[in-house]
Amino acid sequence: MQVFKSFFKILKAQKAGIIIYTAIILVMLLVMGKAGTGNEDVFEQTGYTIIIDDEDDTEVSRGLKEYLLSIHEEKKGDFSEDQITDLLYYRSVLAHVVIPKGFEEDVKSGRNSGVQLRSDDSLPVASYLESQINAYIKHLYNYLSVGETFAEADSKAKNDSDYSRLVTMSQSKNANENRLDSVNVILFAAFSLMGIILSGLLPVLFKFKNKGVAERTAVSSYRPEKRVLELSLATVLFSFVVFLALAAMLYFLAGKKYDVADLGLYALNLFTFTVVTALIAIMIAQLPISGSTSQVGMITNVVSLSLSFLGGIFVPLSVLGEGVKSFGRFLPTYWYATAVEKIETGAAFSEIAVCLLIQLLFGAAFIVVGIICARMSENKSARPAKSEN
Amino acid sequence: MSDTVVKITNLVKRYKELVALDNFNLEIKKGEVFGLLGPNGSGKSTTMNCVLSLLAYDEGEIEVFGERMEPSRYDLKKRIGVVPQNVAVFDELTVQENIDYFCGLYIKDKETKSKYVEDAIEFVGLSDFRKFKPRKLSGGLLRRLNIACGIAHKPELIFFDEPTVAVDPQSRNKILENITELNKQGATIVYTTHYMEEVEQICTNILIMDRGKSVASGTSEELKKMIKNTENVVVDIKRLPAEKIEELKKLSHVYEVSYVSDRLTIKCAGGRHNISHVIAFFEKENIEYDRIYSELPTLNDVFLEITGKELRDKED
Amino acid sequence: MAGRIFVTHLKLALREKHALFWTLAFGMILGTLFYVAFHGIYSQESLDSIPTALVTGDALESMKDGEGNAVDIEGMLKELTYDNGKKMLELKTVSESEAEELLANGDVDGVISVTLDEQNAPKFSLEIKENGIGQSVLTVVVGEYQASFDYLRYLYENHPDRLADYFARNDQVIDYVEAKNIGGNNKDPYVAYFYNLMAMVCLFCSLQSLAAMCRNQADIDDVGKRTNLVPVNKMVYELSALAAVYVIQFVATSLVLCYLNFVLGVDFGGELPWLFLMTALGTLLGVSLGFMVAHIGAKSYDKKETILTVITLLGGFFAGLFYHGMKAVMEENCPIVNRINPSAVITDSFYSLNMFGPGDRVTRSVIYMLALAAVFIAIGSLLGRRQRYASL
């Protein structure tokens with residue numbers, strides 16, 4: 001098992017890179033892995049994170065604020081104008097509402113109170129919030145104008161603005177809790193897997209492909225099939241260890257809220273993707289490139305980022321356009337993300353299995369490409385070399 | 001003005017617990033071809049790197065051209081050339097571009113530089129290869145390029161760090177010729193190697209070192225006179241009984257006899273016609289032999305006698 | 001002397017084709033992929049008419065307003081528009097069974113039903129299948145209509161003398177809200193991915209400056225043994241070589257910028273000269289980062305490359321390369337990271353140019369980039385002052 005043992009000796013020399021890559025990804029997973037809950041069974045008005053500045057601070061302005069915060073979430077803090085622009089652009093908040101001084105007076109007099117609403121006006125959120133603010137103030141004035149006290153008018157206005165009594169849900173979504181952030185972590189695992197496996201495997205595989213080493217091995221009595229088998233075995237073992245480590249990390253970060261069946265399915269999906277990633281590494285190692293450290297780094301980044309962005313790993317599939325999705329179907333990451341989505345929504349096992357099988361088919365295709373590249377470079381090196389001097 | 005070009009006094013260099021140079025002393029005079037001879041790991045390259053201010057050392061003093069050598073002494077560096085052990089050239093530049101670049105780091109004037117570069121290319125015999133990139137050159141030609149880059153600016157003091165390692169005999173001879181020629185042109189040469197034949201061939205003064213210490217120094221003849229051995233009689237002989245070896249030891253002027261792999265080596269201290277005595281012994285004892293010859297002791301014999309070790313590993 | 005060193009290293013950098021190739025390829029490949037992935041998402045999110053089904057049945061015919069006129073619910077709903085004049089609802093009046101089918105198939109976001117209550121007053125209801133912004137807008141619409149009718153009933157029952165006032169007031173449309181835009185030349189938040197891409201491309205230039213500097217180190221490269229012995233000040237030598245690397249890498253990053261801007265048509269939200277300035281400063285930051293890391297203690301070239309990979313990857317993550325809101329999260333929770341993270345600093349320069357135009361914020365970004373580059377070079381120079389090696 002000479003080749004098998006040498007593989008791990010060489011891998012040991014790469015351990016610094018592997019550890020660092022793993023640490024980077026762990027940091028990323030930790031930052032992303034926060035819990036999120038929500039219930040899809042009943043109607044919930046879409047709530048956004050908004051900033052409200054109440055410059056009037058009267059009972060009327062507080063009434064409006066209270067109403068808005070019954071639907072939306074407030075982001076508290078002392079933000080400058082520039083900071084608010086940043087938050088709006090990156091959608092940490094969707095709107096900035098300013099209730100100006102004199103608001104109570106204006107409302108009681110039926111005048112335009114000039115509540116400022118800053119948001120991206122090409123998105124529905126602007127109109128949506130505008131409607132809500134207008135509705136509340138209109139209702140409030142309606143009741144104030146007929147002599148109701150503020151308390152009564154506020155209560156009636158809020159009642160009038162409570163639309164949930166008018167809404168019914170025709171069918172509920174899957175009974176599972178909405179585990180948005182956990183799903184993000186599970187999706188991100190695909191990128192993590194590619195990063196660790198490619199950065200770990202590629203340098204070792206390229207070392208075995210090194211001209212001098214390959215020639216020495218070729219003229220030895222070591223049979224080529226045995227060499228390939230041992231290399232494959234070593235690749236599989238390494239990938240399996242990475243899979244186990246990542247699966248453990250994911251369970252710790254996001255797995256506790258899932259039942260055993262779902263956990264099993266996620267693990268199976270991740271394992272399938274592990275196999276595919278290892279095969280991608282083997283294919284890349286057969287390409288006619290030198291495999292220097294910087295090349296390996298570039299390849300790892302390009303492959304993992306490309307597959308992740310186009311496959312719905314970073315940006316949800318639902319957000320990607322149809323054109324992108326059509327292209328993405330030709331990527332194994334797309335099927336990994338689709339499988340995650342199907343597990344999340346409780347789809348039948350047969351549907352999930354299709355996604356897994358398609359991933360494996362990709363793996364088979366990568367192997368074929370790898371073999372073709374290897375044969376081509378063998379034929380090229382079999383031709384007599386030109387004399388150097 | 002002193003004609004001492006390099007002076008090392010009580011140099012100590014430690015790598016953690018390992019003492020690489022142990023109160024090492026050395027003096028090189030102007031115009032010498034100074035050989036620094038020693039087995040692998042004896043401290044030759046360490047000495048050279050300390051003199052060149054590449055390596056930090058723990059104790060001692062180093063003077064070059066009578067001045068204390070420091071990394072910022074550019075006036076001294078201008079007068080020094082280095083041919084490192086490994087080929088140190090840019091793979092992306094041609095032969096001419098490499099020599100031009102490194103010479104240009106020493107010589108400001110463009111015309112002078114161009115002339116020096118041409119001289120260097122001619123000197124090492126790379127005229128036909130000036131547009132080649134290093135990866136297209138054979139090992140020997142690469143070594144010549146390596147030399148050209150180190151001497152193009154016509155330095156007064158040149159350090160050669162094992163320049164003939166892994167080089168074919170033809171290129172090796174060429175390199176040694178070049179070094180001799182450089183010396184004739186006025187350069188002082190410091191030559192580190194573990195090949196005693198090269199040292200014996202070109203060096204005017206030799207220092208043998210081992211484990212960071214100076215073991216012996218002098219000319220080749222002086223070094224050989226330091227040891228008992230004055231002559232080695234070598235006989236190729238099959239099946240020599242042990243009692244005959246003992247009897248050989250009793251011959252006059254013989255002080256050591258070894259018989260390994262059908263080769264008998266008889267070390268003699270003094271005496272004349274030692275080979276005749278040995279031949280007479282074989283005839284008297286009716287012992288057949290294939291070949292017999294006499295040779296003078298080598299620097300390896302000097303090293304062996306002083307340290308008890310071979311200069312080179314058996315694999316060399 | 002500096003000139004000779006600069007010219008030779010320019011030649012070296014140009015001849016290291018694979019180095020140039022990877023900077024260009026990385027930027028162009030990922031740029032194309034980003035374009036395919038993100039192009040058009042923002043426009044899809046924009047205001048669109050909400051597909052809606054309306055079920056009224058016979059109730060519609062008997063609905064009257066306060067003055068006894070027939071109430072045209074369908075007409076009223078069809079006339080609803082957003083502020084930009086676009087129709088709010090894509091309305092279909094259908095039967096109940098048809099509406100159920102449309103909702104089940106996802107062809108409509110909601111079904112508005114209008115019936116009459118016991119008092120023959122209109123009763124609005126909404127049926128939806130899932131929560132979403134379309135559905136929420138529909139609830140506001142339905143809710144407001146219901147609220148209007150409920151208020152009318154309230155007035156009839158409690159303050160009939162106020163009816164006339166109410167009708168008079170109802171004819172006036174009072175908008176209590178002053179809408180303001182968030183500003184910026186290009187509000188599309190997905191363009192931030194391209195800012196991050198440019199940051200990454202600039203920072204990958206650090207690999208080339210690392211290679212050039214390590215070649216000058218005697219304990220890493222044999223050529224370094226030679227160059228450490230030449231009569232040229234070490235800093236002059238290294239900075240001349242660095243300048244050459246910078247020039248070549250700036251050409252590469254500029255080509256990437258041109259590809260993104262002209263070929264893919266990505267709107268960075270700023271004028272071209274400013275974009276080139278940001279790219280130039282970003283490249284400077286990248287090569288100076290490589291310069292600094294080259295002088296950090298580790299003897300191994302691979303270890304130094306790994307350090308750069310860590311800085312670039314992690315820096316990109318915290319600057320929003322994978323999730324574009326991450327930079328804002330860091331700004332809120334740990335703003336110092338955004339000041340020292342080279343990726344964030346470069347990304348912010350493009351972002352500031354887009355959102356605030358050439359002004360204080362952009363000037364601040366420029367100063368940050370220059371300051372950070374200066375710090376990297378200063379640290380590298382200090383660490384590289386070491387004149388002798390402990391071992392070779």
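Visitor: Which residues is C:Gln135 in contact with, leaving aside its neighbours within four places in sequence?

Guide: In this predicted model, C:Gln135 is in contact with C:Asp109, C:Leu126, C:Ile128 and C:Glu130. C:Gln135 itself lies in helix α7 of chain C, residues 133–158.

Visitor: Why is C:Gln135 called buried?

Guide: The relative accessible area of C:Gln135 is 5%. Buried means under 20%, so C:Gln135, at 5%, is buried.

Visitor: Why is C:Leu102 called buried?

Guide: The value for C:Leu102 is a relative accessible area of 15%. That is also under 20%, therefore C:Leu102 counts as buried. C:Leu102 is found in helix α6 of chain C, residues 96–105. Not counting residues up to four places away in sequence, C:Leu102 touches C:Ala53, C:Lys92, C:Val94, C:Asp107 and C:Val108.

Visitor: How far apart are the C-alpha atoms of C:Leu102 and C:Asp302?

Guide: They are separated by 61 Å, and the two residues are 200 residues apart along the chain.

Visitor: What makes helix α3 of chain B largely enclosed?

Guide: Eight of the 10 residues of α3(B), residues 95–104, are buried, so the helix is largely enclosed by the rest of the structure. The buried residues are B:Val95, B:Glu97, B:Asn98, B:Ile99, B:Tyr101, B:Phe102, B:Cys103 and B:Gly104.

Visitor: Which helices do the buried residues of α3(B) pack against?

Guide: In chain B they pack against α4 (110–124) and α5 (139–151). In chain C they pack against α1 (2–15), α10 (222–227) and α11 (234–263).

Visitor: How many residues does the contact between chain C and chain A take?

Guide: Chain C gives 93 residues and chain A gives 90 residues. The area buried between the two chains is about 8500 Å², and carbon and sulfur atoms give 62% of that area.

Visitor: What makes the meeting of C:Lys187 and A:Asp121 a salt bridge?

Guide: The side chains of C:Lys187 and A:Asp121 meet at 3.0 Å, N to O. The cut-off is 4 Å between a side-chain nitrogen of Lys or Arg and a carboxyl oxygen of Asp or Glu. Across the interface of chain C and chain A the rule finds five salt bridges. There are also 25 residue pairs in polar contact between these chains. On the side of chain C that touches chain A, α7(C) gives the most, with 15 residues. By class, that side has 53 nonpolar, 21 polar and 19 charged residues.

Visitor: How do you know that strand β4 of chain A and strand β5 of chain C pair?

Guide: Pairing needs at least two bridges between the strands. β4(A), residues 115–119, and β5(C), residues 177–181, have five bridges, so they pair, in the parallel sense. In β5(C), C:Asn181 is the bridge partner of A:Ser119.

Visitor: How do you know that β12 and β13 of chain B pair?

Guide: Six bridges join β12(B), residues 254–260, to β13(B), residues 263–268. At least two are needed, so these strands pair as well. They run antiparallel, and B:Val260 stands opposite B:Arg263. The two strands form a hairpin with two residues between them, and B:Ser261 in the turn has a positive phi of about 50°.

Visitor: How many helices and strands does chain A have?

Guide: Chain A has 15 helices and five strands. Buried residues make up 53% of its 389 residues.

Definitions and conventions. Residues numbered from 1 in each chain as written. Chains lettered and ligands numbered in written order. Predicted model: local features only at pLDDT ≥ 70, side-chain atom pairs only at ≥ 80, totals over all residues. Heavy atoms only, no water. Helix = DSSP H or I, 4+ residues; strand = E, 2+ residues; numbered from the N terminus. Buried < 20%, exposed > 50% of the residue type's maximum accessible area, 1.4 Å probe, protein only. Contact = heavy atoms within 4.5 Å. Buried area = accessible area lost by both parts, 1.4 Å probe. Polar contact = N/O pair within 3.5 Å; in protein donor to acceptor, adjacent residues only side chain to side chain. Nonpolar A, V, L, I, M, F, W, Y, C, P; charged D, E, K, R; others polar.
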